[in-house]
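Hi,

Here is the structure I promised to pass on.

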Amino acid sequence: MSGERVLVVEDEEAFIEALEIGLAREGFELEFARDGKEALDAFAAGSAANRPHDLILLDVMLPRVSGVDVCREIRTTSKVPIIMVTAKSSELDTVVGLEVGADDYVTKPYRLRELVARMRAVMRRTDDGSAATETAPASESGPLRVGEIALDAARHEVTVRGERVSLPLKEFDVLNLLMENAGRVMTRDTLIDRVWGHDYVGDTKTLDVHIKRLRAKVEVNPSKPERIVTIRGLGYKMVLPESGERSKEN
Ligand code: CA
């Protein structure tokens with residue numbers, strides 16, 4: 001996979017240099033913007049020239065126009081995948097809460113490998129149209145697979161490390177949502193809304209109970225989850241295998 005056009009919006013030279021080298025090596029075609037205004041201009045220019053960007057990596061703290069406002073502005077016209085970069089996890093909380101329409105979030109300092117895995121994940125999601133049609137059943141695009149977990153929504157089947165596991169409906173729905181959004185933090189509210197409905201008034205601990213049962217079925221060691229992880233203060237996330245394609249270990 002190579003040649004995707006990435007608009008990197010970043011004002012810190014150290015990050016710019018590291019990304020310039022690291023992302024170019026991964027085959028991405030890079031364009032840099034050093035403040036929010038430049039980012040909006042670059043994005044508009046790319047679209048106008050019929051060479052739209054395939055992804056935007058967007059720092060939150062920027063001169064002139066903030067990353068939050070850049071994201072909002074771009075979302076009025078485009079569904080381009082956007083990954084927002086926050087300086088610390090407390091800021092992450094705020095930015096996620098604003099629901100500006102980013103596809104994923106990373107916190108500095110990040111590892112390049114993780115960043116690249118997430119970039120590819122959001123581009124894949126957009127490629128198969130799932131980002132554009134949130135409510136469409138996943139079954140239409142075949143089974144979902146994250147590492148050793150496979151989920152076939154049409155057949156209502158889940159296999160973990162090659163073994164069939166049976167899941168009650170709500171557990172299945174939670175797993176399906178996490179897998180569809182693998183690599184991305186799903187807030188507690190989003191999960192509860194989408195699985196139990198926005199008018200759900202029950203105990204929010206119900207979600208934790210479902211997560212616990214799911215972990216018992218999918219994790220190698222349920223007390224040290226590596227696939228369904230807790231993002232403290234926010235929700236849960238399905239962790240992608242480190243390198244998009246995991247080597248065969250059979
Ligand atoms: Ca910054």
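Predicted model: local features only at pLDDT ≥ 70, side-chain atom pairs only at ≥ 80, totals over all residues.

**What I found**

Let me start with Tyr-110, which is buried, at a relative accessible area of 17%.

Tyr-110 matters to my notes for its ring. Searching the whole structure gives 1 aromatic pair. It consists of Phe-15 and Tyr-110, with ring centres 5.7 Å apart and planes at 55 degrees, so it counts as tilted. The two partners come from distant parts of the chain, 95 residues apart: Phe-15 belongs to helix α1 (residues 13-25), while Tyr-110 is in the loop between β5 (104-107) and α5 (112-127). The ring of Phe-15 also has the charged end of Lys-108 over it, 4.2 Å from the ring centre.

Staying with β5, have a look at Asp-104, which is found in that strand. Is Asp-104 buried or exposed? Its relative accessible area is 2%, so it is buried. Setting aside neighbours within four places in sequence, Asp-104 has contacts with Ile-82, Ile-83, Met-84, Arg-118, Val-122, Gly-183, Arg-184 and Val-185.

**The calcium ion**

Which residues coordinate the calcium ion? The donors are Asp-11 (OD), Asp-59 (OD) and Met-61 (O), at 2.1 to 2.3 Å. Along the chain they follow the spacing D-x47-D-x1-M. Two of these residues are worth a look for their accessibility. Asp-59 has 4% relative accessibility, under the 20% cut-off, so it counts as buried. Met-61 has 54%, over the 50% cut-off, so it counts as exposed.

**The chain as a whole**

The protein chain has 8 helices and 12 strands. It runs to 250 residues, of which 45% count as buried. Taking the contacts between residues at least 6 apart in sequence, 59% join residues at least 24 apart.

β1 pairs with β2 (residues 29-33) in the parallel sense, over 5 bridges, and Val-8 stands opposite Phe-32 in β2.

**The cores**

The largest nonpolar core holds 29 residues, and those with the most contacts inside it are Ile-149, Val-158, Leu-175, Leu-178, Met-179, Ile-228 and Met-238. At least two residues of this core come from each of β6 (144-146), β7 (149-152), β8 (157-160), α6 (169-180), α7 (188-196), α8 (205-218) and β12 (235-238). Which of these gives the largest share? That is α6, with 6 residues.

Not counting residues up to four places away in sequence, Leu-178 touches Met-186, Leu-191, Ile-211, Ile-228, Tyr-236, Lys-237 and Met-238. Another core, of 28 residues, lies apart from the largest one, and its members include Val-9, Val-68, Leu-92 and Leu-234.

β6 and β7 run antiparallel and are joined by 3 bridges, with Val-146 opposite Ile-149. On the other pairing, β7 and β8 also run antiparallel, joined by 4 bridges, and Leu-151 has Val-158 in β8 as its bridge partner.

Both pairings are hairpins. The one of β6 and β7 has 2 residues between the strands, and Gly-147 in the turn has a positive phi of about 55 degrees. The one of β7 and β8 has 4 residues between the strands, and there His-156 takes a positive phi near 55 degrees.

One last stop is Gly-147, in the loop between β6 and β7. It counts as partly exposed, at 26% relative accessibility. Gly-147 touches Arg-227 and Pro-241, leaving out residues up to four places away in sequence. Gly-147 and Val-239 are 92 residues apart in sequence, yet 8.9 Å apart in space, C-alpha to C-alpha.

Cheers

Methods:
Residues numbered from 1 in each chain as written. Heavy atoms only, no water. Phe/Tyr/Trp six-rings, centres within 6.5 Å; stacked < 30°, edge-to-face > 60°. Buried < 20%, exposed > 50% of the residue type's maximum accessible area, 1.4 Å probe, protein only. Lys NZ or Arg CZ within 6 Å of the ring centre and 35° of its normal. Contact = heavy atoms within 4.5 Å. Donors = N, O, S within 2.8 Å, 3.2 Å for Na, K, Ca; no water. Core = buried A, V, L, I, M, F, W, Y, C linked by side-chain atoms within 4.5 Å. Pairing = 2+ DSSP bridges.
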